Amino acid sequence: MTNPPTLYDTAIVGGGLAGLSLAIQLSRQGHHVLLMEKETYPFHKVCGEYISMESWDFLLQLGLPLDEWNLPRISQVKISAPNGLSITETLPLGGFGISRFKLDAALAAMAKAPREFSGPKRPARVMEKEVTSM
Ligand SMILES: Cc1cc2nc3c(=O)[nH]c(=O)nc-3n(C[C@H](O)[C@H](O)[C@H](O)COP(=O)(O)OP(=O)(O)OC[C@H]3O[C@@H](n4cnc5c(N)ncnc54)[C@H](O)[C@@H]3O)c2cc1C
């Protein structure tokens, strides 16, 4: 006898920042979430590794221990040309540096095991498989 298929409230294709954040938020509210990501965590992504401070509170509220990670703060931008000329400007809000390797893996771990949260949470099912048809 085979087990009946598991039913999910929500299926998310793509476990990047958007998919993982959504999976964590829905799971925390008690929804049964399936997330499909074609890569295997942790994995590298091409990225400037600059996150605006606008995102700080949201990521903290998701549960990332940003304060404990001692992340570099970025307060200036420098644009340079091949001839050596450059301009440097102060960023009004600024940001912090973090690799997608670290950020996505931490969010994926939280989606899989949201144990540090109160509420009706349940772990999302994170499948590291490519979606090829719907
Ligand atoms: C070169 C570059 C540099 C950047 N630098 C910065 C920066 O410094 N700071 C910043 O804030 N933003 C930066 N961005 C933008 C940032 O990467 C995006 O805003 C962000 O990744 C969008 O998140 P997302 O979850 O929508 O998509 P993504 O992070 O791209 O996630 C989509 C996920 O879906 C998965 N996927 C795709 N197809 C399938 C499939 N068929 N089945 C299963 N999984 C699938 C992918 O593997 C991927 O993990 C940069 C973008 C680029 C291209």
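## Two domains and their contact

Domain bounds of the kind used here come from an automatic or database domain assignment. In this predicted model, that assignment gives domain 1, made of residues 1–47 together with 100–134, and domain 2, made of residues 50–98. The C-alpha centres of domain 1 and domain 2 are 26 Å apart, and the contact between them draws 8 residues from domain 1 and 4 residues from domain 2.

On the side of domain 1 that touches domain 2, the elements that give two or more residues are helix 1 (17–28) and helix 3 (100–112). Helix 3 gives the most to this side, with 4 residues. Sorted by class, the side of domain 1 that touches domain 2 holds 5 nonpolar, 1 polar and 2 charged residues.

## The parallel sheet

Strands of a sheet pair through backbone hydrogen bonds, and the pairing is either parallel or antiparallel.

Strand 3 and strand 5 (residues 86–97) pair in the antiparallel sense over 3 bridges, and Ile51 has Phe96 in strand 5 as its bridge partner. Strand 4 and strand 5 also pair in the antiparallel sense, over 7 bridges, and here Arg73 stands opposite Phe96 in strand 5. Strand 4 and strand 5 form a hairpin with 5 residues between them, and Gly84 in the turn has a positive phi of about 95°. Strand 5 is hardly covered, since the count of buried residues among its 12 residues is 1.

## The shell around the ligand

Which residues come nearest to the ligand, out of the 19 residues around it? They are Gly14, Gly16, Ala18, Lys38 and Gly48. Helix 1 and strand 3 each supply at least two residues of the shell around the ligand, and helix 1 gives the most, with 3 residues. By class, the shell is made up of 9 nonpolar, 5 polar and 5 charged residues.

## Backbone details in the loops

Most residues other than glycine have a negative phi, and most peptide bonds are trans. In the loop between strand 2 and strand 3, where Pro42 lies, a cis peptide bond joins Tyr41 and Pro42, with omega at about -10°. Glu49 is found in the loop between strand 2 and strand 3 as well, and although Glu49 is not a glycine, its phi is positive, at about 65°. Is Glu49 buried, exposed or partly exposed? Glu49 counts as partly exposed, because it has 17 C-beta neighbours inside 10 Å.

The loop between helix 2 and strand 4 holds Asn70, a residue other than glycine whose phi has a positive value near 55°. Asn70 is exposed, because there are 6 other C-beta atoms within 10 Å. Pro72 is found in the loop between helix 2 (56–62) and strand 4, and Pro72 counts as exposed because it has 11 C-beta neighbours inside 10 Å. Leaving aside its neighbours within four places in sequence, Pro72 is in contact with Phe96 and Gly97. The C-alpha atoms of Pro72 and Tyr41, which are 31 residues apart along the chain, are separated by 23 Å.

Methods
Residues numbered from 1 in each chain as written. Predicted model: local features only at pLDDT ≥ 70, side-chain atom pairs only at ≥ 80, totals over all residues. Contact = placed C-beta atoms within 7 Å. Nonpolar A, V, L, I, M, F, W, Y, C, P; charged D, E, K, R; others polar. Pairing = 2+ DSSP bridges. Near = placed C-beta within 6 Å. Buried ≥ 20, exposed ≤ 12 C-beta atoms within 10 Å, placed from the backbone.
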